[in-house]
Amino acid sequence: MSDQYVKVQVEQMKSFGEDEEKEGVDTEEQVPGSSPSASVSPDHPTGTDASSTSLPCKQTGKSRSKPGREDRRHTSDVASQGSVVSSEKNLNRLGYERTLQVKGTGKILQRKSEPNGNYVTIHTSKDIEEMRREEGFKLAKKRRPVTVDTSKAKTSLEALKISIKQLKWKEFPLGRRTACDIYWHGVSFHDNENIISGQVNKFPGMIEMLRKINLSRAVRTMQELFPEEYDFYPRSWILPEEYQQFTTQIHMVKEKDATVNHTFIVKPDGGSQGDGIYLIRDPSDLKLMTGSQAKQGVVQEYIQKPLLIDKLKFDIRLYVLIKSLEPLEIYIAKEGLTRFCTEPYQEPSQKNLSHVFMHLTNYSLNVHSGNFVHSDSQSTGSKRTLSSVLYRLAAKGVDIKRVWSDIIALVIKTVIAVVPELRVYYQADIPPGKPGPTCFQILGFDILLMKNLKPVLLEVNSNPSMRIEHEQEVAPGVFEYVPSPVDEEVKVGVIRDTLRLMDPGHKKPTVPQQRAGGFEQGEEIPMEEETQEKSQDETGTLPSLCLKQVYPKYFKQFNYLRLVERIAALFIRFLGVKGNMRLGPTAFRTFIRTCKLSGSNFTMASVDILYIDITRRWSGATPDSREAGMGLQAFVEAFFYLAARRFKSLALREQVVSLLELCESQLGPQSGVEERRSLSCSRALPRTVKTQTPCLANPQLSSPAPLRRAASQDYRHQRFKPRSLRANVEN
């Protein structure tokens, strides 16, 4: 009787066989994901999805012709899941369970039988998490290890080796004849010129874009459009071109109020590790010449009221990953470093301006102070973890969520400011149709907290130090490198989890973002509880990701800022010649004609005069440039002029938006294939800007006039090779 009943059940299940064959259900064995996209992380929550709720139980095809064997297999399968199938009563009673494995997905379903013989889905059993973990170990064993070329890694090599070992990937310290999955460069994109595939940890043009002058220019452009949004960057003047403007403004302020005595900090354009930085109180103290050559740099208003801990000034080194430019993806490390001065802080005066250990937080300077403290503790010493500092502030009642939210906003806005020029550099290095790698990069943001807890951007380093040891005097006159626990704790996690995010085996299809640069005002970043990023580790042996995605997570809050990217897209569209970074007069005329911007009041002769005027001023600012023509910043200036001319009654931001919409409607959408080819490394989107710095103090000190931007040296259009870069020195 019992065997006869089982046969009836089997025949009922056969009727569903063909449908189940298509769904890939198999109760005989557990199949790890057949493709990366189909695999499920061990940490993924269990459950049944819509596509699997109606799947009935099924036996494998070979056993169908032999009911007797099928009965035995049916019984053993059910028994292996902890169900009892020894009698008709046990088979028929309510509560009888079966588990199903869906091929290629790692999903496990369970069924209950009702008195009428039908099966219904129930929740999964408690041991499924353990089964998935075991499946993860099997999958990890079958995967080909990711290959990493570390031959150009330089000082980040030790942290990189530890990260690769933790991930169980394969390192090629001397390079490899065949292509690797990831290439880790120590200086720039051009460390290895022969890469045509894989991923490189540097973007072309990033070094040039993050020089002091170019970063100041990019932020200033955004400040013209969005003054309130970009008030986190100190007022800056570019030297030597804006020296006269700087001098005039300072003297005017002093004439109005003789008691006002501002302090300014001077930074060389290509400086690093605190080299060449000094404080002044009068323009006459500027050191403008090096021999017969003028010094290129910026002078900025000095923050006189920083937040102090233990009476010491400090800054924050925050690690930021740009995972891609198209779509724009930004991650921030949840842990960072804080670097402390080694002399108690006093507000600047003529007597203490030269006290670098009091005013400058650079580790490379303070490490030479007799007061510098190397500590194995993360919460003491002259270098500490960011979390230990935030914990102390929280204990004093500081709203840490608010501080962290402001820092996130600062990072996103800064990246948005530099992305347009990065797009131009990329299309020049890897033109459309030319094979090339994709790119990602870790940046080092140096941020200062003011006494009122407002974050201020000091600079962004394209090549932040990833060294995990420090130099220590072990005997008189004898120095050697010893491990630094604080550095290792932070930097190894950043490199390891960057690699995990860039793992080619975990590539997810990109979800296209909405068009960048919409005009809607952004909302505040929600003050949510910190959530742990889900690990992409199949074996469960690695910690949760220490990198938190902030964009496109906060796309709605910041997309409206991306106007300049839309201007850059127009610029790239009319460049024409592959590898070119400048717009010639014919291309500029074509842009005007195509967008129908000329007319009786603005003839083509006027267009030529505009082109010559702007280009001449910018080329005068870049005397060493080998390329002639109009660069992106000159084009942005021309675009602002055209917008103001055509939409006179509107504010600048509305003028720019209106002209963008006019041009884009005349041009129509660009081919998606063409866009992807031109920016396969990553492609940036349009944005906008705000700014005048409230943190920097005197409203009477205004930034130089917009059109004077052209007066400063533009290094962005110089195509440096690794030999000529000064950026080997890490910051």
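Mentor: Residues are numbered from 1 along each chain as its sequence is written. In this predicted model local features need pLDDT of at least 70, side-chain atom pairs count only at pLDDT 80 or more, and totals for chains, interfaces and linings use all residues, while side-chain values use heavy atoms, with hydrogens and water left out.

Trainee: What makes E9 and E14 a pair?

Mentor: Two strands pair if DSSP finds at least two bridges between them, a strand being a DSSP run (E, at least two residues; helices are H or I, at least four), numbered from the N terminus. Strand E14 (residues 297-301) is joined to E9 by 4 bridges, so the pair qualifies under that definition. Within this antiparallel pair, tryptophan 237 has valine 299 of E14 as its bridge partner.

Trainee: Why is one side of E9 and of E11 left without a neighbour in the sheet?

Mentor: The open sheet of 4 strands has the order E9-E14-E10-E11, with antiparallel pairing. E9 (236-239) and E11 (278-280) stand at its edges, so each has a single partner strand.

Trainee: How do you know that helix H8 packs on this sheet?

Mentor: Contact means heavy atoms within 4.5 Å, and H8 (residues 212-225) touches E9, strand E10 (264-268) and E14. The direction of H8 makes about 135 degrees with that of E9, where axes are lines fitted to C-alpha atoms, for helices over the stretch in contact, and angles run from 0 to 180 degrees between N-to-C directions.
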